[in-house]
Amino acid sequence: MQLSTAEETIQRLIFSLSELEQLGQTLISGHSNFSVSSKTYLRIALGTLQSTRGAILRYHPVDNHLSVAAAAPERRDGAEAPFIPVNPEDVAELLQHPSILISSPPTGLEGFFTRHEEVCSAIDARLWVPLKIHDELLGILSLGRFLGRSQLEEWEHELLTILAHQISIAIAYSRMMEGVQGEKFRLFMLAESAPLICQLLQPEDAAQQVVHQAVSLLDANAGGLLLRDAQHAEIEWKYTFPETLAAEFPSTIPLDVDGDADGACSTEKVLADVAKEGKTTQTDTSEDARLAAENIMAVPILGRDGDVLGVLVVGDKEERGGRITAFTDEDAILLDSFAKQAGVAIENAQLHQEALEARELQAEMDEARKIQENLIPETLPDIPGYEVAGLYEPRGAVGGDYFDCLELSTNRWGLTIADVSGKGMQAALLMATLRAGLLSEVAKTADGVNPDEDTAKQLCDMALTLNSLLYASGTEEKFATFFYTYLDPDTDTLTTLNAGHNPPLIVRKDASTQWIGEDIGGLPLGMFPNDMVPLIADYAAEQVQLNSGDIVIYYTDGVTETVNIADEDYEKRLEPDALEASKLPDPQASNIIKHIHDAVITFQGEADQFDDLTLLVLRKK
Amino acid sequence: MRDSYFLAYATEEKEASVLLNKFDIQIRDAQDYAVIETEGYLNDALGEALSAKAHTLIQDGQTRLVINLEKTALINSIGISILIEIIETLDERNGTLNFCGLSATQERTFRMMAIAKYAGIFPDEQSAIDNL
């Protein structure tokens, strides 16, 4: 062994002190990341000890292996990184020795170095110095050959111990700072998330942000949000990250899903259980090929009243290096805290959406009401020898009621009353279509009908034309009941056609009554195509003779289906009330309407009504 | 600076994550600066790929970098730590790094994590280049 001269030794000691100072400065420079600073530490160690090759290996306790943090010389050949598995016995043995000569390792490590001979050779390992704080292994400082000598002198060993200690502190500091940075990031994200997600008013935007924030907050690789549909006892996917993930699952999961019986995988059952039981759950999903995630953690999202609104799920927490690790109890607390914010955000967005829809619905209803009111005549014509009066009273949602008295020609009149199924804008528009069609049909002839042809047949043809028009305009659910009366005052005859409407009531002067069109009512308009009408119930017309004092009362089902608080309907009361009205001291058409209207309102009492009330009365003077 | 074989190891380990979350990196290497544009979730997978691209540029002498995160809506803590590494590496070489295309939340995150202390933040790529 060639010993250094005293002068050389002093010079190297001065250099070493200088390098140690630099090492200390690197440590306190704020460069907390060991991945960056490890190269500086290695360079200082190799320079100080005059070694040409070496490496710093970092120990990963989660999955028990050593990996290269820095190496000299650097390898840029793209070769696979040295990866050294270390079992707990190896770790315990490594901690026993301040330094290990690879060529003659301690007995307990002979097997270890034999197993990893190739890796040690790749990094030219000759001397290993375990890097540790107390009894915790942090890594290895691996040194290669020493310049001009085969081994270190005693003072160099002491220097090496100081260097190893400094590097250990750097690793511990780096690890601590990584943890602090991670926690700082999470706390910030958690604090930042609340205002961010709570200001989103579109449910879709809120769902996306909730999932994004949760994935980011938990360092997860996937996530999703399911919201509960109480009506159907199921949860529905609202957003997934990555978005392609949603395609792997059915869009809804029944709350009572049974993994075995329904063939659904356990992941769906876990999510359904979280929604049912409201408990945070972690589970291994490595068997679920669709999820491409090894594990998931799901938390319930609660509303203000404590009901479960849905489930927030994250999958595959990653750590530095891309390895997937299990979610911790702290993660569960974090996600649970975030889910509380998410619940407020989702509920806000839902309430906003409902308010918006209600406003839109109200605006549509207002518009429909205007259309409806424009269809109802403000005044009715004076018919010589007759009185006619009408009433339309909106109640609740906008229906599709309509009545009119059309002056067809000199002393010929068309009285009509109709009721479109459904409510709102669609009903109003369909009724407008029916009215336009009716006006078009009666305008085809000078008298509203061709006097040379059979009036009843002409009305049946008109019904078919209107049926065809409405069938083409509406959907299967949209149709109109329609009653039309052709009045010839010269003969006091009514020719009537009923398309599914409530039969009008005639109250004769002698107090007898007659329901018109009760037995020959055809199908409502627009329900079936024309070619099917004869197969089901063809249209037919009938003639009725009126005499002085006779009253015809037309009405919509809003009258007969008015209910009282005992849930009885008004239908059976119409006839006696009409008879009562006919005996009024002044039985004008308008007085009869008022009498029946008042009777309906009295009958209804405090009960809510949802259909418009329409009456049309014709009285032969 | 990261050793190339260490990167190879890391990439192999996170294959499952890469399958889940697609990402992309575009480099626009001008003579006196380079722009790295990321697309996708800035987690370990994209972060390591970004780190590799940045270190290759730095090794080749390019120390004026812009990282455009306009197409990266989501960053986790690992992504943040990798960005800090790049900043530290450039700092060792007296280089300059500017970010652009950050969302308001990302910008607040960067300021809170002290990234903004060592790197510039600009609204668009051109102003980030102009201020290198």
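This dialogue reads a few local features of a predicted model.

Biologist: Which residues gather in a patch of negative charge on the surface?

Modeller: Asp and Glu count as negative. Here the patch is made of Glu561(A), Asp567(A), Glu568(A), Asp569(A) and Glu571(A). One of them, Asp569(A), sits in the loop between helix 13 (557–560) and helix 14 (571–582) of chain A. Asp569(A) counts as partly exposed because its relative accessibility is 40%.

Biologist: Which residues form the nonpolar patch on the surface?

Modeller: Met532(A), Leu535(A) and Ile536(A) do, with about 300 Å² of accessible area together. Leu535(A) belongs to helix 12 (residues 533–536) of chain A. At 70% relative accessibility, Leu535(A) is exposed.

Biologist: Is Ser77(B) buried or exposed?

Modeller: Buried means under 20% relative accessible area. Ser77(B) has 9%, so it is buried. This serine is in helix 4 (residues 77–92) of chain B. Apart from neighbours within four places in sequence, Ser77(B) is in contact with Gly182(A), Phe185(A), Arg186(A) and Asp219(A).

Biologist: Now the backbone. Which peptide bond is cis?

Modeller: The bond from Phe241(A) to Pro242(A), with omega near -5 degrees. Pro242(A) lies in the loop between strand 8 (234–241) and strand 9 (252–254) of chain A.

Biologist: Where is Asp124(A) placed, and what is its phi?

Modeller: Asp124(A) is in the loop between helix 5 (117–122) and strand 5 (127–133) of chain A. Its phi is near 55 degrees, a positive value in a residue other than glycine. Asp124(A) is buried, at 15% relative accessible area.

Biologist: What is the phi of Asp492(A)?

Modeller: Positive, about 55 degrees, although Asp492(A) is not a glycine. Asp492(A) is found in the loop between strand 17 (480–488) and strand 18 (493–499) of chain A.

Methods. Residues are numbered from 1 along each chain as its sequence is written. Chains are lettered from A and ligands numbered from 1 in the order in which they are written. This is a predicted model: local features need pLDDT of at least 70, side-chain atom pairs count only at pLDDT 80 or more; totals for chains, interfaces and linings use all residues. Side-chain values use heavy atoms; hydrogens and water are left out. Patches are made of residues with over 30% relative accessible area and no salt bridge: like charges are joined within 9 Å, nonpolar side chains (Val, Leu, Ile, Met, Phe, Trp, Tyr) within 5 Å. Accessible areas come from the Shrake-Rupley method with a 1.4 Å probe; for residues, only the protein chains shown count as cover. A salt bridge is a side-chain nitrogen of Lys or Arg within 4 Å of a carboxyl oxygen of Asp or Glu. The place of a charge is taken as NZ of Lys, CZ of Arg, CG of Asp or CD of Glu. Helices (H or I, at least four residues) and strands (E, at least two) are DSSP runs, numbered from the N terminus. Buried means under 20% relative accessible area, exposed over 50%, partly exposed in between (1.4 Å probe, protein chains only). Contact means heavy atoms within 4.5 Å.
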